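Here are some notes to read beside the model.

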Amino acid sequence: MKKILITGGEGLIGSSCIEFFIDKGWSVISVDNNMRGKIFGEEGSIENNVKISKKENLEMVRGDIRNKELMEEVIKKVDAIIHCAAQPSHPRSLEIPLEDFDINAYGTLLLLETVRKNNPKIPFVFLSTNKVYGDMPNKYEYKINKRRYDNSQVDSFDESMSIDKCGHTPFGVSKTAADLYCQEYAKNFGLTTCIFRCGCLTGKNSKAVEMHGYLPYIIKCAMTEKKYTIFGGGYRVRDQLHGSDVAGAAFEFIKNPKSDEEGNFGIVYNLGGSIKNSISIYETIDAIQEKTGKMLDFIEGKERESDHIWWITNTDKFKKDYPNWVITKDLDYIFDEIIEHHNDELQLNIEIKNKKYFKQ
Ligand SMILES: NC(=O)c1ccc[n+]([C@@H]2O[C@H](COP(=O)([O-])OP(=O)(O)OC[C@H]3O[C@@H](n4cnc5c(N)ncnc54)[C@H](O)[C@@H]3O)[C@@H](O)[C@H]2O)c1
């Protein structure tokens, strides 16, 4: 049986990857130290976040990816790695820049070096972010169209966008460093790395807080009648990709790692929900009201540092290399799953109109 290491295995993407790979018959080791609880407080804690029935092939280690001995021991035993552990919030990184760098940049470098020394042939998938492009998307022209911004120049952003001469926040910088290290370790040391620059990722497993986990957090606020702050206006657009579809993309690469034309790994792919799964903040508020009858109570706040006005991912490059990969979860499914999950966790009983998601 093949074995995979999932770092940050109890967070949103890590736990989605655990569910996916256990289902595919893999054995999984997760390393997570609940740093999320430390970074965001009790509301963000990932304690008991992995709820799967088949636990016999799952080993959960409460540990830090920066623990060299621990990572050496684990990495020697596995056939693949998905690296999801991170300080994941750009506004929070402005408050804790050193910790942010230490986890995101140094933590990733240490993992790569440990792989190089102990198990250099295994596929290594890194969860990077569209924040490596900084606020470059904000240099485009936007027009208001009903309840959202439309981009007047392009319909989505591909990998050709520059990462220079724009604002990143410390988070964008630490993730860019990690992203480039993954490329360098492929080029210089022959590691089988792959980099996903992701848009907004989502799903029931998000321990959403104001500073991270946009969609589950805004839905939670509406359901619990908590005031929500819209930072920088409600016409802003994001695309949403469910965690299980991220896991599916990682699975495709791990099954069949692809290199570039020169034979190097370290290929960069933009990964996100694309046009069909895109939604503005105002449209999100409308959709929540339509589904639950709850009208969000909100105030308008100041724009966040280097926040994207509009991001829709162009996934053509990944789809060309991996034509089997499709987005399986649309916005209706995603909303319904999150509402059901909040109903369970917060002991609410809010009915969903025209439900598309049914708990197994
Ligand atoms: N959620 C998104 O919208 C989004 C968007 C783009 C990219 N990403 C990237 O995807 C990855 C996963 O994000 P997520 O949304 O699942 O975040 P998450 O916070 O839900 O999960 C990250 C997990 O890593 C753990 N962790 C942090 N530091 C650690 C350390 N030093 N040692 C061990 N574990 C540690 C946390 O406790 C948490 O469980 C991150 O790299 C993030 O930057 C996420």
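Which residue just after α6 takes a positive phi?

1. Gly190 does, with a phi of about 75°. Bear in mind that this is a predicted model. Helix α6 itself covers residues 169–189. Its 21 residues reach 30 Å from the first C-alpha to the last, close to the 30 Å expected at 1.5 Å a residue.

2. Ser174 has its place in α6. Is Ser174 buried or exposed? Ser174 is buried, because 27 other C-beta atoms lie within 10 Å, and 20 or more is the cut-off for that class. Leaving aside residues up to four places away in sequence, Ser174 touches Asp100, Phe101, Asn104 and Ala105. Glu47 is another matter: 127 residues separate Ser174 and Glu47 along the chain, and their C-alpha atoms are 26 Å apart.

3. Now the ligand. There are 27 residues around the ligand, and Gly8, Gly11, Leu12, Met35 and Ala86 come nearest. By class, the shell holds 15 nonpolar, seven polar and five charged residues.

4. Which elements build that shell? At least two residues each come from α1 (12–23), β2 (27–32), α2 (35–40), α5 (97–118), β5 (123–129) and β9 (200–202). Helix α1 gives the most, with three residues.

5. Strand β11 (residues 237–242) is mostly covered, with six of its six residues buried. Val237, Asp239 and Leu241 point one way from β11, while Arg238, Gln240 and His242 point the other way.

6. Two strands pair with β11. Strand β9 runs parallel to β11, joined by three bridges. There, Cys200 stands opposite Gln240. Strand β13 pairs with β11 in the antiparallel sense, also over three bridges. Ile279 in β13 is the bridge partner of Arg238.

7. Helix α9 (residues 281–292) has twelve residues. From first C-alpha to last it reaches 16 Å, close to the 16 Å expected at 1.5 Å a residue. Just after α9, Gly293 takes a positive phi of about 80°.

8. Which residues of α9 are buried? They are Ile281, Thr284, Ile285, Ile288, Lys291 and Thr292. Seen down the axis of α9, these buried residues fall within an arc of 135°, so they line one face of the helix. An α-helix has 3.6 residues a turn, so residues three or four places apart point the same way. The buried residues of α9 pack against α7 (214–224), β10 (228–231), β13 (278–280) and α11 (331–345).

Key:
Residues are numbered from 1 along each chain as its sequence is written. This is a predicted model: local features need pLDDT of at least 70, side-chain atom pairs count only at pLDDT 80 or more; totals for chains, interfaces and linings use all residues. A residue is near a molecule or strand if its C-beta atom, placed from the backbone, lies within 6 Å of it. Helices (H or I, at least four residues) and strands (E, at least two) are DSSP runs, numbered from the N terminus. Ala, Val, Leu, Ile, Met, Phe, Trp, Tyr, Cys and Pro count as nonpolar, Asp, Glu, Lys and Arg as charged, and the others, Gly among them, as polar. The expected span of a helix is 1.5 Å times one less than its number of residues. A residue is buried if 20 or more other C-beta atoms lie within 10 Å of its own, exposed if 12 or fewer, and partly exposed in between; C-beta atoms are placed from the backbone. The arc is that of the directions from the helix axis to the C-beta atoms. Two residues are in contact if their C-beta atoms, placed from the backbone, lie within 7 Å. Two strands pair if DSSP finds at least two bridges between them.
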